[in-house]
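This briefing concerns side-chain contacts. Please read it alongside the sequence and the coordinates.

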Amino acid sequence: MAHVINGSASRYGTLPIAILCLLFGAFASGHNIRAAERERFLSGQLLVAMPDMKDPRFAESVIYMVKHDATGAMGLVINKPMAKGSIEDLLKGFGLEGKNSKREIIIHYGGPVGARQGFVLHSDETLLENSTKVADGIAMTADVKMLEALAGGKGPRQSLFMLGYAGWAPGQLEMELKTNSWFVLPGDKALIFGADADKKWRQAMDKRQIPL
């Protein structure tokens, strides 16, 4: 049975993990990212909401940017846990065998778009054929087989599971940056995969204050 994570998860309702996955039970297709795009745009970096963020869906959000190019942008919120429960129940929610795994997993709110799509953001020592390597040892996999690997103890060392993502049309994110809705930080694995989600936004804010 899933239960609410303390802190930021209190802003969201919670359901048993199997029910969550019946409601939101699909993985999205991966995105191919070219090295040149990473240099020109924000792929692999962190997008951090300013304190006066006007969109309540993104208040105090920290987003890892998986894709950003001339066609738009896609990222995953890393600091909004919704529920915690058995990875066996999660797999059953996707219609798969639970593998008799005793491991637990946290379901995160990845963003307001594609709420029926699941994503695993993870360290890249473990990859599937359709995984997307983003930058600096971080990858994204939109395939339930990665959950099976995690259940069997054969998955990546660091991972976050999300439902939904944040998406921007061409030029939309650039406009939001100009209006100071966000600031940008380098991708930081310690912050991204840190255990205390409630502290991630403040940690990001503190990093912004450090002179370069």
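The points below cover aromatic contacts and then salt bridges.

This is a predicted model, in which local features need pLDDT of at least 70, side-chain atom pairs count only at pLDDT 80 or more, and totals for chains, interfaces and linings use all residues. Residues are numbered from 1 along each chain as its sequence is written, and side-chain values use heavy atoms, with hydrogens and water left out.

**Aromatic contacts**

- The whole structure contains four aromatic pairs (ring centres of Phe, Tyr or Trp, the latter by its six-membered ring, within 6.5 Å; planes under 30 degrees apart are stacked, over 60 edge-to-face, the rest tilted).
- Phe58 and Trp182 are edge-to-face, because their ring centres are 5.5 Å apart and their planes stand at 65 degrees.
- Both Phe58 and Trp182 are buried (buried is under 20% relative accessible area, exposed over 50%, partly exposed in between; 1.4 Å probe, protein chains only).
- Phe58, Trp168 and Trp182 make up one aromatic cluster.
- Phe119 and Tyr165 are also paired edge-to-face, at 5.7 Å between centres and 80 degrees between planes.
- Phe119 has 0% relative accessibility and therefore counts as buried.

**Salt bridges**

- Eight salt bridges are found in the whole structure (a side-chain nitrogen of Lys or Arg within 4 Å of a carboxyl oxygen of Asp or Glu).
- Arg57 and Asp55 form a salt bridge with their closest N and O atoms 2.8 Å apart; Arg57 is partly exposed at 44% relative accessibility, and Asp55 is partly exposed at 21%.
- Asp69 bridges to Lys67 at 3.2 Å, N to O; Asp69 is buried at 9%, and Lys67 is buried at 14%.
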